[in-house]
Every structure is written in structure tokens, then in C-alpha cells.
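Here's a quick briefing to read with the model open beside you. Take it one topic at a time and find each spot as you go.

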Amino acid sequence: MNKIISHVDKNMPGLISDLQTLIRQPSVSAKNQGIKECATLVARMLKKSGIKSEILKIKGAAPLVYGEIKSKKNPNKTILFYNHYDVQPAEPFELWDDLPFSGKLKGNKIFGRGSADDKGELITRIKAVEAFLKETGDVPCNVKFVIEGEEEIGSTHVELYLKKFRKKFACDGVIWEFGYVDTKSRPIIGLGMKGLLYVELTAQESIRDAHSSLAVIIKNPAWRLVEALNTIRDAKGKILIKDWYKEVTPFNKADLDLLDSEPFDEFGFKREYGISEFLNKMKGLEVKKALAGNPTCNIAGMISGYTLQGAKTVLPSYASVKIDFRLVPKMNPKKQIARLKDHLKKNGFSDVSVKIFHGEAASRTDPSSPFVRIVREAAKESFGKYIVNVSNAGTGPMHSFASILRAPCILIGSTYMFARIHSPNEFARIDLLKKTTKCMCHILNRF
């Protein structure tokens, strides 16, 4: 392994330049900007590293890049790296210090949309495999790459890809597309992800905006929507929809032991976001339990009437609100949608329309899985320390991978927890990219 790790150290300039090349290729799935071009670029990078690659397609879906390298000495074990090449929109452009797709290098950081989420993570996986191939001509186990182009818009077609290419994607374990590293440089090994239900509620009253003096005789759809929202969630964050929590099960002892032992820098977290306290003044274990296992109802955005600079006395014709609900294991997105619609109807808001963007179930890997032990040992070798987390607070299509491929999924990666992903001035830290590449090497070797 010493030669492999040494190769990673020597090849850091190549890792940095390849990441910059990826960042400079925009690939915004929400706008269908540069998606095909980026898929082609990723496939080319895999081939350059010695990994056989091909671009898979399903009608109406973004292309999926598949990579594979078979092991000569251990052809009976297969690890799969799941990543994505699409990124979030870069707006608002004016808040970036440099061009969002510049790949600007400043000290220990590479800036640009996708630098951390998820192009930096992808590069660490590719370079780990490349290190083995360059130094030994082989890999310790079969390696597969599934790199999609729709993760940032809800992985709309990934389940179809998984079902269609189930045999091709067959594996014994999945390393997820990212993993956070905390403020003390400890990788957070995530054993699961929450699910998600993303909807838009709309209230429509008149056929066009009107003068606000008419508010005495024309209903305001914005107020209508506010009234509906007040029936869905209370001030403490509790969701008021009947049976919303029906399938939710409490943490078991193993989960609680992990949560209790997990360090969490409350002061640093509050400082980073400029807040004085958490919701409901939570502290200690309650904060960690909430992040890992509490369902949420979040208003992601609201639109109605005039929202630009200055004043305009207008009575809006419509109002809409985008809401994301985070789900936990055993909560079925389809059931939750039905409960939401039924709630609106029973509370007198049948005039409020519901548009569904996507739904994804939650997933968790058993902490006693041998795969968890392998990742923990690899993390200790690379970082010297680590944290095991019951479930990430975010969402991805992990449930689809775990249920269709029947393989455990684990999050571990290089993303500094305050790397500004989804925000202006997103960055990746070079020191963490290096450590994570080495960690991937150790995972492959132990697997």
C-alpha cells in the first residue's frame, strides 16, 4: 500500500487540474446546461485513468456514465462508487468572488460550482482507482462507477436506470457520492439518508393582478396560502397532518449509542450560520436526534405579487409556495402525499392545488454490517479519527440503490461541512481531497 499512497501524493497536481477541468464544464441539470458535454468529459476522464467507460441512455433522461474495471486477483468482490456530474445553478452570480465555473485555485481551496458537490468527490474515487492501476496494473476488487446527471433535480430517472441495468450494476457495497468532514478534520461516516417529498402549493383567485384597493372585495390568494400553511405545521416544527408520523419508529439502542457518542460542535455550527439558538432551544443529544431522525416541513420559497425593489400596491392573482418534507425510514412518499392532499381537503383548502416534484424514501445501513467496519478502519488510516453518523440530514436516492441492488450504502468523502455547497463561493479543500483519495485506496484494499 505504501506505493499506492505515495502515488496519490505525487499525483495531486493531476487531481487538481482534472477537477478544475470538470468545474469549468458547466452541468446544471435544472437548466439542462452542459449535461451531455459533461457526461462525455467524465467518460473520457475514466478512460484516461484506465477505467473502461460507456454512456448509458434512457429516453427523456440525462445520460448516465458507467465505468468498470475488473480485478484479476479478486474477481468475486465488487464495490460501486455512486456519484453525479450535475450541479446546482450558480445564481445569484453577483455574490461570487470569482466566476462560478472558474475552478479558481486559492491556497488550500479550489472554488467553483461543483468543486465539492460533487465533482471533487468524484475525482477522489477516480484517482484512487488510477493509483492502483498505475502502480500494480490491477485493483484489489472489481470496481464500478455509476455517475448520474440528475441528482440535483431529484434523481428523476436513477431508479429506472437501476432496474434496467440491475445486472450490470450488481455489487457488494456502495460508497455514496459524498461525505462531510467536520471542523476538526474528522470524516463523518454516514449510515443513511433521510427521504424527501417536494411539493408546490398554489392558490389562484383572479385572472390577473389588481389594484390593492380592491382587497376589500377580492380575496387575496397569498393570505389564503398563509392560512393553509398554518394548518400544516406549528411554531415548534411539529407537522399537524393526520397520521404523518404513523410509521415513524424510535431509535433503537445501537442508534442512540452512536448518536450519544457522536461529537457535534454546537457553538461552531451556530457561528457559521449566524444564529443564537436552535429550534425549540434544543441542545446536546436532542440536536443530534433531530438531524438524524426527525421529519421536517420546510418552506423552500414563496412567490406572490410584487417582490422587487420599492413599493407597488398590488393585489396578486395567485400565490405559490415550494415545500420540502424530509422523511425518515418507513415513511412512504406516496402515502405522505395522499395524507397532505386529504389534510387540505378536510380543512377546507380543496381550492389549493398540489404539484408534486419528486419523492424519495429514507434509507439506513445496519451499523453492524462488515462493510461499516471496513470503512471505519480505512477512515482511521487516512484521517486518524472519524465520526459514525446514524443518518445524514439530507436526501439522495440511497433507498433505490439499497433496495434494487440489495447492497449496503455508506457515505464518506471530502466535503468540508461548511464548503458552501448550493451557495455562492462553493469550494473544495485540497488537503481533504488528498486524504479522501487515500481513504478510497484503503477501502478498496480492505474490501
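Arg420 sits in the loop between β20 (415-416) and β21 (427-429); helices (H or I, at least four residues) and strands (E, at least two) are DSSP runs, numbered from the N terminus. Arg420 has a positive phi of about 60°, even though it isn't a glycine. At 40% relative accessibility, Arg420 counts as partly exposed; buried means under 20% relative accessible area, exposed over 50%, and partly exposed in between (1.4 Å probe, protein chains only).

Before the rest, some ground rules. This is a predicted model, where local features need pLDDT of at least 70 and side-chain atom pairs count only at pLDDT 80 or more, while totals for chains, interfaces and linings use all residues. Residues are numbered from 1 along each chain as its sequence is written, and side-chain values use heavy atoms, with hydrogens and water left out.

- Most residues other than glycine have a negative phi, and most peptide bonds are trans.
- Ser155 is another non-glycine with a positive phi, of about 50°, and you'll find Ser155 in the loop between β6 (142-148) and α5 (158-164).
- Ser155 is buried, with a relative accessible area of 6%.
- The peptide bond from Glu91 to Pro92 is cis, with omega near 0°; Pro92 lies in the loop between β3 (78-84) and β4 (105-106).
- Asp117 and Asp118 are also joined by a cis peptide bond, with omega about 15°, and Asp118 is in the loop between β5 (109-111) and α4.

**Helices that pack together**

- Two packed helices are described by the angle between their axes and the distance between the axes.
- Axes here are lines fitted to C-alpha atoms, for helices over the stretch in contact, and angles run from 0 to 180 degrees between N-to-C directions.
- Helix α1 (residues 2-10) packs against helix α14 (residues 430-446) at about 155°, with the axes 10 Å apart.
- That makes α1 and α14 roughly antiparallel; angles under 35 degrees count as roughly parallel, over 145 as roughly antiparallel, 65 to 115 as roughly perpendicular and the rest as oblique.
- On the α1 side Ile4, Ile5, Val8 and Asp9 meet Lys434, Thr437, Lys438, Cys441 and His442 of α14, where contact means heavy atoms within 4.5 Å.
- Helix α2 (residues 12-23) and helix α4 (residues 119-136) pack at about 140°, again with axes 10 Å apart, so α2 and α4 are oblique to each other.
- Among the residues making the contact are Leu15 and Leu19 of α2 and Leu122 and Ile123 of α4.

**Cysteines without partners**

- How many disulfides does a search of the whole structure find? The search turns up zero; a disulfide is a pair of cysteine sulfur atoms within 2.5 Å.
- For Cys141, the closest cysteine sulfur is in Cys171, 11 Å away, which is too far for a bond.
- Cys441 is in no disulfide either, and the nearest cysteine sulfur, that of Cys439, is 9.1 Å away.
- Cys141 is buried, with a relative accessible area of 0%, and Cys441 is buried with 0% too.

**Around helix α10**

- The buried residues of α10 (residues 285-293) are Val287, Lys288, Ala290, Ala292 and Gly293.
- Their cover includes β10 (192-204), α8 (253-261), α9 (266-273) and β16 (363-364).
- Asn294 is in the loop between α10 and β12 (296-304), and is partly exposed at 34% relative accessible area.
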